[in-house]
Amino acid sequence: GRVLRGTLSAGWSWDQIDFESRPDLEATGPYAGAGLELRTRPGGDRGASIGLRLDARWDWPRGLDGAGGRFSGKVFTAGAGIVFLW
């Protein structure tokens, strides 16, 4: 029944990244994320609702590139989407 809902996430990621400048990166590391979801109030016979979701995530990978060199970095990703609930 809430119109605005927040989310938090944290965990560990395993990635295989293939950039043209540094191919075959294999990385692992922690991540943290946050999001907001704005929903319409449930309506109709089935209580259906639609919402807009915004997310942000920060990753701190460490690993090896294809030549065996070590690297570490920060990656920020953001996304938006539409959520249908019924």
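E37 sits in strand β2 and pairs with R53 in strand β3, 16 residues apart, so the pair links distant parts of the chain (strands are DSSP runs of E, at least two residues, and helices are runs of H or I, at least four, numbered from the N terminus).

This is a predicted model: local features need pLDDT of at least 70, side-chain atom pairs count only at pLDDT 80 or more, and totals for chains, interfaces and linings use all residues. Residues are numbered from 1 along each chain as its sequence is written, and side-chain values use heavy atoms, with hydrogens and water left out.

Confidence comes next. The mean pLDDT of the protein chain is 87 (pLDDT is the predictor's confidence in each residue, from 0 to 100). Of the chain's residues, 93% reach 70 or more. Strand β3, residues 49-59, has the highest mean pLDDT among the elements, at 94. Strand β5, residues 70-72, has the lowest, at 85.

Back to the charges. Side chains of opposite charge can pair when their charged atoms come close. The structure has 4 salt bridges (a side-chain nitrogen of Lys or Arg within 4 Å of a carboxyl oxygen of Asp or Glu). E37 takes part in a bridge with R53, where the closest N and O atoms are 3.1 Å apart. R53 is partly exposed, because its relative accessible area is 21%. E37 also meets R39, at 2.6 Å from N to O. R39 counts as buried, because its relative accessible area is 19%. A network of salt bridges links E37, R39, R53 and D55.

Another bridge joins D59 and R57. Their closest N and O atoms are 2.9 Å apart. D59 is buried, because its relative accessibility is 8%. R57 is partly exposed, because its value is 29%.

Both residues of that bridge also touch Y31. Y31 lies in strand β2, residues 25-39. Leaving aside residues up to four places away in sequence, Y31 touches S9, A10, G11, W12, S13, R57, W58, D59 and W60 (contact means heavy atoms within 4.5 Å). Y31 and W60 are 29 residues apart in sequence. In space, their C-alpha atoms are 6.3 Å apart.

The structure holds 1 aromatic pair. W58 and F76 form this pair, which is tilted, with 5.2 Å centre to centre and 50 degrees between the planes (rings of Phe, Tyr and Trp, its six-membered ring, pair if their centres lie within 6.5 Å; planes under 30 degrees apart count as stacked, over 60 as edge-to-face and the rest as tilted). W58 is in strand β3 and F76 in strand β6, 18 residues apart, and the pair links distant parts of the chain. W58 is partly exposed, because its relative accessibility is 37%.

The surface comes last. L4, L36, L38, I50, L52, L54, I82, F84 and W86 make a nonpolar patch of about 1000 Å² (patch residues have over 30% relative accessible area and no salt bridge; nonpolar side chains, Val, Leu, Ile, Met, Phe, Trp and Tyr, are joined within 5 Å, like charges within 9 Å; areas come from the Shrake-Rupley method with a 1.4 Å probe, and for residues only the protein chains shown count as cover). Strands β2, β3 and β6 (75-85) each give two or more residues to the patch. The largest share, 3 residues, comes from β3. L36 belongs to strand β2. L36 is partly exposed, because its relative accessibility is 44%.

How values were computed:
Buried means under 20% relative accessible area, exposed over 50%, partly exposed in between (1.4 Å probe, protein chains only).
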